[in-house]
Amino acid sequence: MSNIPVGISACLLGNPVRHDGGHKHSRFCTGVLSRYFEFRSICPELEAGLGVPRPTIHLRELDNGLRLTESKGDADHTDTMRDWIESRLPQLADLRGYILMAKSPSCGMERIKVHNEKGRVIHREGRGLFADALMQAYPLLPVEEEGRLNDSHLRENFIERVYAYDDWMRMQDEGLSRSALVAFHTRHKFQLMAHCEKTYRILGRQVADQKSEPIETVANRYIRLFMEAMSQKIHRGAHANVMQHMMGFLRESLSASDRQVIGEQIEAYLREEVPLVVPMTLLRMAQRREPVDYLARQDYLSPYPEDLGLRNRV
Ligand code: SF4
């Protein structure tokens, strides 16, 4: 069990909060992720006082900007929603991630329809009012739409970011220091290397050369680049490169035949014949047999609980 606090659109937990009294229950969220995350459910429309049932609402581009109005008629709920958002957002500072419901003018993260004053769709590049304010207030927070979590790569990436961000927030809670930042960077070196080698090098230099700048300045700059890099997709070649790098650290403990088997499985992973979990498990077994201190400190080997099975699908 885990107590990682993660926000979620309330309808995804099966709460009957939609405009028609229905929900959008996500079995993956309630059946799997709830074992690891402590979900904080929020329904912006309900909490802002729009009630259940309520008229459907949508985004409209009017002379006075983007508005949240009822789909039929002109009732405008923008100010009510914005006032609620302003009072609610500060309470979300401890979240480590957020899962949003798609297509909602309040919760949708992307591709939300925007209408003109006559109710016609003029584009689909909108974002829900709450989602937009959340992402602007907490730009480092890993945020994902529930539907996109059906994609194995996006799912794995989101959960990896939640755990990395949780590690960062815990470090802050325990007291930010230069040595704590070095230890954080050391734990996540191989992950960074896999996501973006360029950022890995830049951050390595920043951590080694902290100079006389206040630690808060260094840390703020560091985590911005870190989270940006972590959201980049890892290509198979980058994973293979990091695993080969790890084999170098295990050289002493690996027999020639061990090395050959692991090397073959890395090649098979590159050819998309086996998932990442196969060579990674061999490396973890080798590390468990004769632990190398440096590798033991790397989150890359186990960035999230293994029984999530995420590396079976990427
Ligand atoms: S999408 Fe958001 S506003 Fe709509 S019912 Fe779900 S939680 Fe409430």
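This is a predicted model: local features need pLDDT of at least 70, side-chain atom pairs count only at pLDDT 80 or more; totals for chains, interfaces and linings use all residues.
Next, display the open sheet of 4 strands, whose order is β4-β3-β6-β7 and whose pairing is mixed. Because β4 (65-70) and β7 (121-126) each have a single partner strand, they stand at the edges, and one side of each is left without a neighbour in the sheet. On average, and with direction ignored, neighbouring strands of this sheet are turned by 40 degrees against each other. Zoom in on β6 (residues 112-115), which runs antiparallel to β7 and is joined to it by 3 bridges; here Val 114 stands opposite His 123 in β7.

Arg 111 is partly exposed, having 13 other C-beta atoms within 10 Å.

Now select the largest nonpolar core, which has 70 residues, with Val 6, Tyr 98, Ile 99, Leu 100, Val 162, Val 242 and Leu 283 having the most contacts inside it. Helix α5 (residues 152-174) gives the largest share of this core, 7 residues. Since domain 1 (4-150) and domain 2 (151-314) both contribute residues, the core lies between them. Centre the view on Val 162, whose contacts, leaving aside neighbours within four places in sequence, are Ile 4, Val 6, Arg 96, Gly 97 and Pro 142.

Finish at Glu 272, in the loop between α10 (256-270) and α11 (277-289), which counts as exposed with 8 C-beta neighbours inside 10 Å.

How values were computed
Residues are numbered from 1 along each chain as its sequence is written. Two strands pair if DSSP finds at least two bridges between them. Helices (H or I, at least four residues) and strands (E, at least two) are DSSP runs, numbered from the N terminus. Axes are lines fitted to C-alpha atoms, for helices over the stretch in contact, and angles run from 0 to 180 degrees between N-to-C directions. A nonpolar core is a set of buried Ala, Val, Leu, Ile, Met, Phe, Trp, Tyr and Cys residues joined through C-beta atoms within 7 Å. A residue is buried if 20 or more other C-beta atoms lie within 10 Å of its own, exposed if 12 or fewer, and partly exposed in between; C-beta atoms are placed from the backbone. Domain bounds come from an automatic or database domain assignment. Two residues are in contact if their C-beta atoms, placed from the backbone, lie within 7 Å.
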